[in-house]
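Dear colleague,

Please find the structure below for your records.

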Amino acid sequence: MPFFKITLIRSSIGLPKKTQGVLNALGLRKRMATVFKPVNPSTAGQIMKIKELVAVSEVESAMTDAEMRALRKPDPGYYIETPGLG
């Protein structure tokens with residue numbers, strides 16, 4: 001089942017309450033927050049109301065918070081090697 005991956009790029013400060021309500025309904029409260037919503041006409045309509053504020057892509061499956069955190073984790077820059085046992 002496909003999902004919309006919606007990321008809030010621009011802040012909602014100073015926008016009408018109706019627009020802020022759409023963001024809250026989608027679960028976007030902070031900048032750079034990402035949510036996954038199923039592809040359906042009602043979600044698409046909500047996205048069209050705030051299309052200037054968000055980045056949207058269509059993905060095959062939703063990611064959990066732990067998976068998203070692991071994806072953002074940077075490479076440590078080094079690797080620990082253990083000596084071989086002959």
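**Findings**

Thr7 counts as buried because its relative accessibility is 12%, where buried means under 20% relative accessible area with a 1.4 Å probe and protein chains only. This residue lies in strand S1; strands are DSSP runs of E with at least two residues, helices runs of H or I with at least four, both numbered from the N terminus. Leaving aside residues up to four places away in sequence, Thr7 touches Met32, Ala33, Thr34, Leu53, Val54 and Ala55, a contact being heavy atoms within 4.5 Å.

The model is predicted: local features need pLDDT of at least 70, side-chain atom pairs count only at pLDDT 80 or more, and totals for chains, interfaces and linings use all residues. Residues are numbered from 1 along each chain as its sequence is written, and side-chain values use heavy atoms, with hydrogens and water left out.

The largest nonpolar core has 12 residues, among them Phe4, Ile6, Leu8, Val22 and Ile47; such a core is a set of buried Ala, Val, Leu, Ile, Met, Phe, Trp, Tyr and Cys residues joined through side-chain atoms within 4.5 Å. Strand S1 (3-8) and helix H1 (17-26) each supply at least two residues of this core.

Helix H3 (residues 65-72) gives the most to the lining of the largest pocket, with five residues.

Note on methods:
Buried < 20%, exposed > 50% of the residue type's maximum accessible area, 1.4 Å probe, protein only.
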